[in-house]
Amino acid sequence: MNKCVERLYNGVVKENPTLVLMLGMCPTLAVTTSAINGAGMGLASTVVLALSNLMISLLRKAIPDRVRMPAYIVIVASFVTMVQFLMQGFVHSLYQSLGIYIPLIVVNCIILGRAESYASKNKPVESLFDGLGFTLSLTVLGAFREILGAGTVFGFSFIPANNPTSFEPISIFVMAPGAFFVLAMLVAAMNKIKAKKGKPIIDICRGDGCVGCGNRFCAGRRSAPGETETKTKEVEG
């Protein structure tokens, strides 16, 4: 269970495919004009990823190495076809909004990348939890674009009915340039979060610069006058 939780955390924070690894940019930028589109695309991709990871993990010892990529594509394509038919039958409006990007899940580098790097080498249950960060990042991206560009989120309006001029939507955010702006802001926020969780950055250029730095093994440190000879003697000794 701990490995499943760790896999979930890594997929959302450490190895988020959109905000950290910068994979799957085409559907990320194209379909996230609203929160519901982002959630729909993310959930469709996550279902395909989870089921294909599970199947590939179960068959990892039976699939020969020389045909593993074609086998992965056949497995992924089978699940994408199932998801496409289900969306077409039960959520037709969302199916029409996502359009060609649903069948293109087959060649999404996130799906094939996780299948190759994780599912083919790990147990089925752990592989099932891999990739949920894609849904979260697409939903958040779509929500921000919808709020800023239309004043709504999941169909709920933020503009008061009695004072419609209190908020003027910025239409550029539901257009192509807005996707880049919001993505840049979210990536910057993710980098800030990761920087706080990591080790503090040591400033080696204090006061009198590299000469006063206490880190003798720093690659970027410049030697003080007369120090080069001492260092050479230490190395030779």
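Colleague: Why does Met22 count as partly exposed?

Modeller: Met22 has a relative accessible area of 39%. Buried means under 20%, exposed means over 50%, and partly exposed is in between (1.4 Å probe, protein chains only), so Met22 is partly exposed. This is a predicted model, in which local features need pLDDT of at least 70, side-chain atom pairs count only at pLDDT 80 or more, and totals for chains, interfaces and linings use all residues. Residues are numbered from 1 along each chain as its sequence is written, and side-chain values use heavy atoms, with hydrogens and water left out.

Colleague: Where is Met22 placed, and what is its phi?

Modeller: Met22 sits in the loop between helix 1 (2-14) and helix 2 (25-31). Helices are DSSP runs of H or I with at least four residues, strands are runs of E with at least two, and both are numbered from the N terminus. The phi of Met22 is near 55 degrees, a positive value in a residue other than glycine. Most residues other than glycine have a negative phi.

Colleague: What makes Ser34 buried?

Modeller: The relative accessible area of Ser34 is 12%, and the limit for buried is under 20%, so Ser34 is buried. Ser34 is in the loop between helix 2 and helix 3. Leaving aside neighbours within four places in sequence, Ser34 is in contact (heavy atoms within 4.5 Å) with Gly142 and Glu146.

Colleague: How far is the backbone nitrogen of Asn37 from a polar atom of the side chain of Ser34?

Modeller: The distance is 3.3 Å. A polar contact is a pair of N or O atoms within 3.5 Å; within protein, one must be able to donate a hydrogen and the other to accept it, and residues adjacent in sequence count only if both atoms are side-chain atoms.

Colleague: Which residues are buried in helix 8?

Modeller: Gly142 and Glu146 are among them, as are Phe134 and Leu138. Helix 8 covers residues 133-150, and its 18 residues reach 25 Å from first C-alpha to last, close to the expected 26 Å. The expected span is 1.5 Å times one less than the number of residues. Gly151 follows helix 8 and has a positive phi, near 75 degrees.

Colleague: How do helix 3 and helix 4 cross?

Modeller: The axes of helix 3 (residues 35-59) and helix 4 (residues 68-90) come within 9 Å and cross at roughly 145 degrees. Axes are lines fitted to C-alpha atoms, for helices over the stretch in contact, and angles run from 0 to 180 degrees between N-to-C directions. Residues that meet there include Val48 and Leu51 in helix 3, and Ile75 and Phe79 in helix 4. By class, this contact has 14 nonpolar, one polar and no charged residues. Ala, Val, Leu, Ile, Met, Phe, Trp, Tyr, Cys and Pro count as nonpolar, Asp, Glu, Lys and Arg as charged, and the others, Gly among them, as polar.

Colleague: What do the buried residues of helix 4 pack against?

Modeller: They pack against helix 3, helix 5 (92-98) and helix 6 (109-119). Tyr72, Val83 and Gln84 are among the buried residues of helix 4.

Colleague: What does the secondary structure of the protein come to?

Modeller: There are ten helices and two strands. Buried residues make up 38% of the 237 residues.
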